[in-house]
Amino acid sequence: MSIISIRDIHTQFDEKVVHNGLNLDINEGEIYGLLGPSGCGKTTLLREMVMLQEFSKGSITILDKSLSDISEVDAQKLRREWGVLFQSGALFSSLSIHDNIALPLVEYTDLSSAMIDEIVKFKINIVGLKSGDSKLYPSQISGGMKKKAGLARALAMDPKLLFLDEPTSGLDPISAREFDELILKLRDMLGLTVVMVSHDLRSIYDTLDRVAIIDAKKIVYEGPLIDVKSSKSDFIQTFFK
Amino acid sequence: MASNLTQSIQGNKLSINFSGELTLYTITTLEKLTQEIRFKGISLLVLDLHKVSYLDTAAAVFIVNLEEEYNKQSIKTTISCFDKKLLATLELVKMQRIITNLETEIDDNKSSFLQKSVVKINQYLNGFLFFMEFFGKIFLTLLYYLKSFKHIRFKEIMFELNESALKALSIVALTSFLIGLVVAFQSAYQLKLYGANIFIVDMLGISILRELAPLITAIVIAGRSGSAFTAQIGAMKITQELDAMKTMGFNPFSFLVLPKIIALMIALPLLIFVADMMGVFGGMLVSQVDLGISYEVFLDRFRAVVDAKHFFIGLLKGPFFAFLIASISIYRGLIIKNDTQSIGINTTKSVVESIFAVIVCDALFSIALTSLGI
């Protein structure tokens, strides 16, 4: 069953055309990758999916809701169904790691603070941070830790959908592999659907079920990784050499 | 969506049967329900999850918590569940528990009052030392500038002049025009009572040229350029642009700091001159309309009673005010830490402190010059 379907998306910034008719479907429970050379509009597409950016033409449907004519109530509901991890974590710098993760729980649920603490502690551990780190502020931790904390925040509400923007960039190789394993584990356990933009080849081979490769404003390949070399695109030929 | 629980008792064995979806949104209700359960004569407890269709990690934490809690109360508790996915989620929570328990928690113990104050004093001392270092660097860069004509960053200075003088011209002119208008209007009313209409020229001339124009200009510039300097340098620090400059061998003090200070020191006297003219013009307008003093009479009297020294004292204050505003706001920008909140705090402080410093400096000028008889 497709959980996200994108039909004929056109995106244009002033004169510059970024997407010229993209079509893709993301199924429930799969880990889906958006790949392509830099500047091809992967992150733009991701931003369009999470309603941070408008597209010029076409339609995006997520969990049976079309983003172009969504009501504010539905949009708000949808935002609770997904978690987003930004490239540099995008933690709120005025809040500690603990408060960053607790924020959606405090705002959207009626859980007791003791229960929230338990949940936060669990999420902090699950992404590979130490309980002691939770008191620190974003300015006091390293880039890799920020990324993990950002993932913990994205997972706070146990979302059905997870958007990751280059999750393993800036991590050391060991953390990156742990991150991949974590994503696989979470997918199996919680039935997550994961959409990620990535450049990390290891991570691409280890985690992704299917990929869409965007090049020259179009999707040049969509499908499982095994057949990727069948495509004639220059990017694919050099990237997967 | 809904979830519920029922209980069934067989002898000394109680089973709590959960059903439906256990999620973040439903566990608070369940928590309340479980607290109402009576455990009199119960020694075996089964948490039955057979009818649970979905379990998220928050709910898994809740279930594992329940199990631990009852086990502590010496009720033998077990979780009964066949669904592989649910078991995996529960297992993950339990594993995490074990790892966390192994981690020895280092709780930073409460520091005493003395410790806290020492830390605080140390912070202030370091802040003061950094401020001194900042002035030292400004001085060194100035020497470096003076060493060779080529070292002076004319392009940057011109850019800053355009930003903080030319673009501020209209707001400074308008503000001082209005101040001249208001002061004249208020004093005209009082002077009319005594028939001392013509003295408005003395009053306006001295107060605007000597005090009001420099102060108003400095306050407008502190709000305008001061906040801009702090925010710009702070943002550059956060995005590591300052570090990049340093590694490429561009000394931020000669590329950023000193051009700003010099530009502002040139700009402020010029702006004060404009403020002088606009302020006096505003006063002149009111004198004619309200007191019937024609422009010719006003200007004649102006030349006769207002000494040039008042004008020059006003201009002389400009570079001093400018130095204070620029150095305070740049210093505030440089001590911004790596988080967004500190941009806000330091920008506020930079504007407040520079206005305060300007007023203190003005008071010192007033006292010094008056006692010198100027």
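The model is predicted: local features need pLDDT of at least 70, side-chain atom pairs count only at pLDDT 80 or more, and totals for chains, interfaces and linings use all residues. Residues are numbered from 1 along each chain as its sequence is written, while chains are lettered from A in the order in which they are written.

**Exercise 1.** Find the edge strands of the open sheet of 4 strands in chain A.

Solution. 
- Start with the elements: strands are DSSP runs of E, at least two residues, and helices are runs of H or I, at least four, both numbered from the N terminus.
- Read the order: 2-1-4-5, with antiparallel pairing in chain A.
- Take the ends. Strand 2 (16–27) and strand 5 (65–66) of chain A each have a single partner strand, so one side of each lacks a neighbour in the sheet.
- Check one pair. Strand 4 (residues 57–62) of chain A joins strand 5 of chain A over 2 bridges; pairing takes at least two DSSP bridges.

**Exercise 2.** Describe the side of chain A that touches chain B.

Solution. 
- Count first: 23 residues of chain A are in contact with 26 residues of chain B. Contact means C-beta atoms, placed from the backbone, within 7 Å.
- Name the elements giving two or more residues: helix 4 (113–126) and helix 6 (173–190) of chain A.
- Pick the largest share: helix 4 of chain A, with 7 residues.

How values were computed:
Two residues are in contact if their C-beta atoms, placed from the backbone, lie within 7 Å.
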